[in-house]
Amino acid sequence: MFYYGQLVIGPAGSGKTSYCNILQEGSFKRNIQVVNLDPAAEYIPYKCAIDIRELICLSDVMEEFEYGPNGGLVYCMEYLLQNWDWMQDQLNNIAQDDYVLFDCPGQIELYSHIDMMRKLTQLLVNSGFSISSVYLVDINFIEDDAKFLSGLLMALSASMTLELPAFTVLSKCDLMKDKKKLKRYTKLHKFNEESEYINQDEFSKTYKSFTSGISELVTSFGIGRLLCLDTTDDESIDNILGEIDYAIQFGDNLEPDDKLYDQAEQQL
Ligand SMILES: Nc1nc2c(ncn2[C@@H]2O[C@H](COP(=O)(O)OP(=O)(O)OP(=O)(O)O)[C@@H](O)[C@H]2O)c(=O)[nH]1
């Protein structure tokens, strides 16, 4: 059995839940199911196929064990891994042709400091999932080149840990009035060449080679191009889905639609 989908990751507030919701509400030539993997989620706008909060919920853990939010979250994710049979039972209810989005918690420590999300990914792959990670970077990161670079480094570090086909998506692009300005960020070699921050003369030689080294790193390893997400524009979503479909080979296993052939036959 093969399943397809995305692990939607990124810092708190980067737009993961809204992205899942928009995809589920829209018509993007697939039946989208969403799995909430955030035990701390308070409000979920989409229809949940599976909700981790039915297994374990952060507020209960914090109350019972007197943990803070970070310790509590780690406990919840570990609990999920230890009770994977529960998840497997739920996943068995998902149809093979459904496209599954996993809406993940926003604490990036889960990807960088501990190997829980990597273990979770491996369990999904072992269950027959062909998935990509989609790391959302909020458009407010482009306010400042140093902040932008650090956002990309976090994306690179999370992608490296998960060992999946990885995409970095600049979210909330509807907030950008002048869309032409986005080119500077979506074509990272341009950013490398033009950034005044990276190329400023006041930097010491060592610091300058450090910043340009970092910039070359994110440019060369996988994040050579950023995808833009403008949730008010279906074309931008189609573009993101198209890139991911190609990487995870979604659609390769679908039977040809006879109805389309019949229509084409009649039009000839
Ligand atoms: N303008 C705009 N606002 C957005 C977009 N996506 C999300 N937001 C807003 O950003 C805030 C955070 O969005 P969420 O979708 O909850 O972000 P999240 O990454 O799921 O956040 P956590 O659950 O805390 O990890 C909300 O106020 C949303 O309304 C977008 O595409 N455009």
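Reader: Which residues in H2 meet which in H3?

Author: Contact here means that the C-beta atoms, placed from the backbone, lie within 7 Å. Helices (H or I, at least four residues) are DSSP runs, numbered from the N terminus. On that basis Leu58, Val61, Met62 and Phe65 in H2 meet Pro69, Gly72, Leu73, Tyr75 and Cys76 in H3. By class, this contact has eight nonpolar, one polar and no charged residues. Ala, Val, Leu, Ile, Met, Phe, Trp, Tyr, Cys and Pro count as nonpolar, Asp, Glu, Lys and Arg as charged, and the others, Gly among them, as polar.

By the way, this is a predicted model: local features need pLDDT of at least 70, side-chain atom pairs count only at pLDDT 80 or more, and totals for chains, interfaces and linings use all residues. Numbering starts from 1 along each chain as its sequence is written.

Reader: At what angle do the axes of H2 and H3 cross?

Author: Axes are lines fitted to C-alpha atoms, for helices over the stretch in contact, and angles run from 0 to 180 degrees between N-to-C directions. For H2 (residues 58-65) and H3 (residues 69-82), the axes come within 9 Å and cross at roughly 110°. Angles of 65 to 115 degrees count as roughly perpendicular, so H2 and H3 are roughly perpendicular to each other.

Reader: And which residues come nearest the ligand?

Author: A residue is near a molecule if its C-beta atom, placed from the backbone, lies within 6 Å of it. Of the 15 residues around the ligand, Gly15, Lys16, Thr17, Ser18 and Gly106 come nearest. Helix H1 (residues 16-25) gives the largest share of that shell, three residues.

Note on methods
Helices (H or I, at least four residues) and strands (E, at least two) are DSSP runs, numbered from the N terminus. Angles under 35 degrees count as roughly parallel, over 145 as roughly antiparallel, 65 to 115 as roughly perpendicular and the rest as oblique. Two residues are in contact if their C-beta atoms, placed from the backbone, lie within 7 Å.
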